[in-house]
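Me: I have a chain to look at before group meeting. Can you walk me through the fold and a few residues?
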Amino acid sequence: MQSAGSGWGNGLLGVIIFSGSLPATRVAVGGFSALFLTSARAAIAALLGAALLGLLDQVRPERKDLTSLAIVSIGVVVGFPLLTALALQHITSAHSIVFIGLLPLSTAVFGVLRGGERPQPLFWLFAILGSATVAGFALSNDGSASLVGDLLMVAAIVLCGLGYAEGAALSRRLGGWQVISWALLLALPLMVPVAILTWPSTWTGIGAPAWVGLAYVSVFSMFVGFVFWYRGLAIGGIARVGQLQQLQPFLGLALAGLLLHEPVAWSMIAATALVVVCVACARRYA
């Protein structure tokens with residue numbers, strides 16, 4: 001019970017941190033190209049991971065772990081950040097909520113395929129119901145659409161679910177922050193040249209919001225969030241704790257209301273309540 005509670009607590013902290021990722025990315029692509037943003041955030045986070053690995057004198061992963069680390073890198077270091085940055089040039093961050101709401105289901109599917117988990121049939125019922133609730137809420141509040149943006153987000157969700165599940169399975173042996181640190185270092189030889197090649201021709205037109213967005217996605221979205229998230233998935237269960245992601249869109253809207261003073265509709269409160277019920281039921285049957 002203590003491990004399960006710790007898993008949910010760590011997972012919730014990760015979700016809270018991730019809830020600001022898409023708004024921050026949306027702001028950052030206003031000043032930086034998608035390729036530079038993706039490579040720069042990965043390089044900055046890799047430096048943080050390298051420093052932590054060195055300070056705590058961590059043992060290098062075994063050769064058999066390289067494939068899993070490569071999958072994590074492709075999924076969450078390169079794939080999801082790049083595809084969402086490209087998508088957010090075509091759609092709003094609000095519209096992307098539709099797809100983030102499907103991320104728990106994607107994570108659960110890959111938890112079965114890559115993590116060896118076997119949730120009960122009722123788990124899938126509540127997971128799908130929760131995802132449908134999030135998608136329905138998002139569609140009712142944002143009717144904008146772009147085929148290119150939507151396809152990019154679908155691809156991003158698939159890769160992210162794969163990266164989450166693979167990293168969580170590996171975290172059972174290596175530890176959560178170690179996995180994301182090694183995955184970032186594995187991608188670093190690619191990310192540095194890309195950052196140099198896509199370096200902005202001038203820095204004068206880049207405003208403070210873009211810099212804040214870059215800082216957030218580099219430090220929190222790309223590193224700190226994964227420290228809690230992978231630990232939560234590893235000790236609490238990939239499919240079970242992964243359902244907390246259904247709260248991410250609503251947490252993002254709540255942050256917008258608190259920090260940006262945007263109105264919070266009653267429909268958000270109602271949808272959030274239903275999602276909480278779905279998460280609780282999915283946890284029981286996972």
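Me: What pattern does the protein chain follow, read along the sequence?
Reply: This is a predicted model. Read along the sequence, the pattern is α-α-α-α-α-α-α-α-α-α-α-α-α.

Me: How many helices and how many strands is that?
Reply: The protein chain has 13 helices and zero strands.

Me: What share of the residues count as buried?
Reply: Of the 286 residues in the protein chain, 53% count as buried. The chain exposes about 12700 Å², and carbon and sulfur atoms supply 71% of that area.

Me: Among contacts with a separation of 6 or more, what percentage is between residues 24 or more positions apart?
Reply: Such pairs account for 90% of those contacts in the protein chain.

Me: Now the inside. Which residues have the most contacts inside the largest nonpolar core?
Reply: Val76, Val77, Tyr164, Leu184 and Tyr230. That core has 53 residues. Its largest share, 10 residues, comes from helix α8 (residues 147-174).

Me: Different spot. Where is Leu53, and is Leu53 buried or exposed?
Reply: Leu53 is in helix α3 (residues 34-55). Leu53 counts as buried because its relative accessibility is 6%, and the cut-off for buried is under 20%.

Me: Which residues does Leu53 contact, again leaving aside neighbours within four places?
Reply: Gln58, Trp177, Gln178, Ser181, Trp182 and Leu185.

Me: How many residues apart in sequence are Leu53 and Ser181, and what is the C-alpha to C-alpha distance?
Reply: Leu53 and Ser181 are 128 residues apart in sequence, and their C-alpha atoms are 7.5 Å apart in space.

Me: Last topic, the surface. Which residues form a nonpolar patch there?
Reply: Leu12, Leu13 and Ile16 form a nonpolar patch, with about 230 Å² of accessible area together.

Me: Where is Ile16 found, and why does Ile16 count as partly exposed?
Reply: Ile16 is found in helix α1 (residues 2-18). Ile16 counts as partly exposed because its relative accessible area is 39%, and that class lies between the 20% limit for buried and the 50% limit for exposed.

Key: Residues numbered from 1 in each chain as written. Predicted model: local features only at pLDDT ≥ 70, side-chain atom pairs only at ≥ 80, totals over all residues. Heavy atoms only, no water. Patch = residues over 30% accessible without salt bridge, like charges linked within 9 Å, V, L, I, M, F, W, Y side chains within 5 Å. Areas by Shrake-Rupley, 256 points an atom, 1.4 Å probe, with all protein chains shown as cover. Salt bridge = Lys/Arg side-chain N within 4 Å of Asp/Glu carboxyl O. Helix = DSSP H or I, 4+ residues; strand = E, 2+ residues; numbered from the N terminus. Buried < 20%, exposed > 50% of the residue type's maximum accessible area, 1.4 Å probe, protein only. Contact = heavy atoms within 4.5 Å. Core = buried A, V, L, I, M, F, W, Y, C linked by side-chain atoms within 4.5 Å.
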